[in-house]
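Here are my notes for a first look at this model. Have the sequence and the 3D view open while you read.

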Amino acid sequence: MAPVSAMLPRWRLYSWSNNLMSSGTTLYLKGAEFQYPDTEKKVLKGIDLEIRAGEWIALLGPNGSGKSTLLKLFNALLLPSQGCCFIDGINTNETKSVELIRSKVSIVFQNPEDQIVASVVEEDTAFGPENLGLPSEEIVIRVKDALVGVGLWEKRKHAVSSLSGGQKQRLALAGVIAIRPGSLLLDEAMSMLDPASRKSFLDLIKREHSSGSTIVQVTHRLDEILNSDRTVVVTDGQISWQGKTENFLSISENELKNMGFAKPPVAVLKEELVKSGIIPGSTRSDIREIRKKLCLLQ
Ligand code: ADP
């Protein structure tokens with residue numbers, strides 16, 4: 001498959017002033033189906049999914065269930081074979097709107113190499129804003145903001161090839177943040193990171209979310225979804241479970257195991273404390289909240 005950089009158009013279609021703020025994007029799928037050319041089987045089968053602006057969705061499911069394909073519908077890298085996909089009310093099959101859609105929705109993929117487009121750190125981060133046709137002063141501001149945000153400002157003049165795997169993943173995120181897309185889609189974007197880099201990457205996502213961005217996060221690790229609002233599980237191209245993340249994490253350890261997920265330790269702890277009647281079931285799977293409830297007992 002061609003690297004994503006090769007699929008990105010060099011667009012200059014609309015005024016930069018339209019995109020000064022990153023406000024969340026709404027993502028909407030209705031009866032969406034998808035089948036890859038020259039294959040026998042539909043990969044997505046009638047997906048109905050509405051994601052509100054500023055929502056954080058955890059998208060889970062076994063390998064091959066269609067999660068990446070679904071993300072690609074949201075930024076018009078793929079178009080539904082049947083049904084439709086709307087981004088902020090714009091139908092993704094309107095070819096004239098593809099550039100606008102991609103300025104609203106950006107994907108960070110698992111392998112940062114697929115997204116790197118320049119040989120020097122700051123040039124790579126500037127690529128997206130340049131393609132939006134922004135004035136150079138605005139590009140400078142955005143590049144600095146994004147590189148400071150991901151902790152790579154000191155390395156701005158360095159060759160991309162000199163970065164570690166975790167730094168390259170943060171660079172890929174910087175490139176996306178600099179576009180201020182409104183929606184960040186993360187396709188197992190943390191899977192190649194060590195625990196410390198994963199934490200700082202997750203902190204960046206939290207920051208983007210608190211500034212209003214919509215987040216859709218594909219992952220296999222439930223300890224990464226604790227901050228999400230809603231969980232959607234895709235199995236064999238269909239939504240098999242969806243609801244509040246807190247409700248998903250309240251599913252028993254065994255049942256989650258049967259679904260193929262390992263319950264995060266903090267949710268196991270909460271389950272035990274609730275079962276023993278020590279804290280109320282309404283307590284969130286959050287270590288600070290659990291501690292607060294325990295302190296109230298003293
Ligand atoms: P997931 O992200 O849940 O692992 P994917 O969306 O990547 O699932 O893939 C869903 C199915 O589509 C898999 O069976 C995969 O082999 C198939 N698939 C993915 N990309 C292509 C492609 N470019 N051509 C043909 N089949 C594909």
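Which of Trp 56, Ile 57, Ala 58, Leu 59 and Leu 60 point one way from β3, and which the other way?

1. Trp 56, Ala 58 and Leu 60 point one way, while Ile 57 and Leu 59 point the other way. Strands here are DSSP runs (E, at least two residues) and helices are runs of H or I with at least four, both numbered from the N terminus.

2. Before going on, a word on the ground rules. Residue numbers start from 1 along each chain as its sequence is written. This is a predicted model, so local features need pLDDT of at least 70 and side-chain atom pairs count only at pLDDT 80 or more, while totals for chains, interfaces and linings use all residues.

3. How confident is the predictor? On pLDDT, its per-residue confidence from 0 to 100, the protein has a mean of 88, and 93% of its residues reach 70 or more. Residues 1-21 stay under 50. For that stretch the model has 25 contacts beyond four places in sequence, a contact being two C-beta atoms, placed from the backbone, within 7 Å.

4. Back to β3 and its partners. Four bridges join β3 to β8 (residues 214-218), and the two run parallel; Trp 56 has Ile 215 as its bridge partner there. β3 also pairs with β9 (residues 230-235) in the parallel sense, over four bridges, with Ile 57 partnered by Arg 230. Pairing requires at least two DSSP bridges between strands.

5. Then there's an open sheet of four strands, in the order β2-β1-β4-β5, with antiparallel pairing. Its edge strands, β2 (44-51) and β5 (90-91), each pair on one side only. Two bridges join β4 (residues 82-87) to β5, and Phe 86 stands opposite Asn 91.

6. Leaving aside neighbours within four places in sequence, Leu 173 contacts Val 108, Val 150, Phe 201 and Leu 204.

7. Finally, the ligand: the residues around it include Tyr 36, Asn 63, Lys 67 and Thr 69, each with its backbone-placed C-beta atom within 6 Å.

Technical notes:
pLDDT is the predictor's confidence in each residue, from 0 to 100. A residue is buried if 20 or more other C-beta atoms lie within 10 Å of its own, exposed if 12 or fewer, and partly exposed in between; C-beta atoms are placed from the backbone.
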